[in-house]
Amino acid sequence: MPLKGPAKVRRHYDEVAEIYDRRYAEGTGRSYHRHISDQVMNWLPPGGRLLDIGCGTGLFIEQYLERGGRGVGLDISPKMIERGRDRVPAADWVVGTGESLPFRDDSFDAVSSLLAFSYFKDPQGMLSEVYRVLRPGGRVALCTLGRNFLTAGLPAIHTLGELARVRQVGMGNFGERYYSEAEMSELFSGASFVDVRVKRCSFAHLNLARPVFQLARKIEPIVEQRLPYLAYNICATGRKPHP
Ligand SMILES: C[S@@+](CC[C@H](N)C(=O)[O-])C[C@H]1O[C@@H](n2cnc3c(N)ncnc32)[C@H](O)[C@@H]1O
């Protein structure tokens, strides 16, 4: 029987773990990932205990630890976790789903999630779980594909890619969801976060042909400042208030 839902996502990332690492850990992929990571990182308190949800191969945790923090990576794919553990042995690694976190209340200073939020079937439930495990005053920051005309065609491309058996990161019909600024803001407020901020980032996307990507990187700061609706990703942050 064909797999569905989270089991299908897990199998996909188990299969592409090596390709994923090659795509994002070096070259243009690294610079794309760094650009996104920096936006999320700048919102988080340095030096605390971080939970990274949908942590993949540990690229963000590595960066957080370099700044003096401690980290736990959680991901649904055991193969992605294996690579994360190899990359950052000093962090803790857990196979699990972001929608039901196996951690005590108030146990993290910061929670991050990069390029994984689109997979959650219950985004409000996931954010409520994040709220529960954050200590009062702690902050969550995430980055995920936003909904605009640049991303509108992606589900169709991914579905066709699956039919043609293209072995590439994200290629499959996983029922991913992309969000507008207003929806993201509502989700965060709905989970009781305060000081909610939402912005768009990353005009240069890796799906672009390399020369176009290089050009897009050059004009990225102008687009992000003046024409943010042209950016692919949406970043959001919120703080758990003190009682
Ligand atoms: C595009 S990758 C991003 C990985 C990493 N955050 C990064 O920035 O390199 C998406 C990750 O989300 C994970 N994922 C998808 N659904 C998940 C879920 N329900 N719970 C936990 N992880 C999930 C996938 O296994 C995959 O590793």
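Is Asp-106 buried, partly exposed or exposed, and how many C-beta neighbours does Asp-106 have inside 10 Å? Asp-106 counts as partly exposed because it has 14 C-beta neighbours inside 10 Å. The scale behind this calls a residue buried if 20 or more other C-beta atoms lie within 10 Å of its own, exposed if 12 or fewer, and partly exposed in between, with C-beta atoms placed from the backbone.

The model is predicted: local features need pLDDT of at least 70, side-chain atom pairs count only at pLDDT 80 or more, and totals for chains, interfaces and linings use all residues. Residues are numbered from 1 along each chain as its sequence is written.

**Two loop residues with positive phi**

Most residues other than glycine have a negative phi. Asp-106 has a positive phi, near 55°, and lies in the loop between β3 and β4 (108-114). Helices (H or I, at least four residues) and strands (E, at least two) are DSSP runs, numbered from the N terminus. Ser-192 also has a positive phi, near 80°, and is found in the loop between α7 (181-190) and β6 (194-201). Ser-192 counts as exposed because it has 12 C-beta neighbours inside 10 Å.

**The ligand shell**

There are 21 residues around the ligand, and Tyr-13, Gly-54, Gly-56, Leu-114 and Ala-116 come nearest. A residue is near a molecule or strand if its C-beta atom, placed from the backbone, lies within 6 Å of it. By class, the shell has 14 nonpolar, five polar and two charged residues. Here Ala, Val, Leu, Ile, Met, Phe, Trp, Tyr, Cys and Pro count as nonpolar, Asp, Glu, Lys and Arg as charged, and the others, Gly among them, as polar. Helices α1 (5-25) and α3 (59-66) each supply at least two residues of the shell. The largest share, four residues, comes from α1.

**Helix α4**

In α4 (residues 78-87), Met-80, Ile-81, Arg-83 and Gly-84 are buried. They are on the same side of α4 because they cover an arc of only 160° around the axis, taken from the directions from the helix axis to the C-beta atoms. The cover over these buried residues includes α1, α3, β2 (70-75) and β3 (92-95).

Helix α8 (residues 210-226) has 17 residues and reaches 24 Å from its first C-alpha to its last, close to the 24 Å expected at 1.5 Å a residue. The expected span is 1.5 Å times one less than the number of residues. At Ile-219, α8 bends by about 55°, and Pro-221 follows within four residues. The bend is the angle between axes fitted to the seven residues ending there and the seven starting there.

Gln-214 is found in α8 and counts as partly exposed, with 13 C-beta neighbours inside 10 Å. Ile-222 also lies in α8 and is exposed, with 10 other C-beta atoms within 10 Å. Lys-199 has its place in strand β6 and is partly exposed, with 18 other C-beta atoms within 10 Å. Leaving aside neighbours within four places in sequence, Lys-199 is in contact (C-beta atoms, placed from the backbone, within 7 Å) with Pro-228 and Cys-235.

The table gives C-alpha separations for these residues.

| Pair | Apart along the chain | C-alpha separation |
|---|---|---|
| Ile-222 and Ser-77 | 145 residues | 37 Å |
| Gln-214 and Val-140 | 74 residues | 31 Å |
| Lys-199 and Ser-185 | 14 residues | 9.9 Å |

How values were computed. Contact = placed C-beta atoms within 7 Å.
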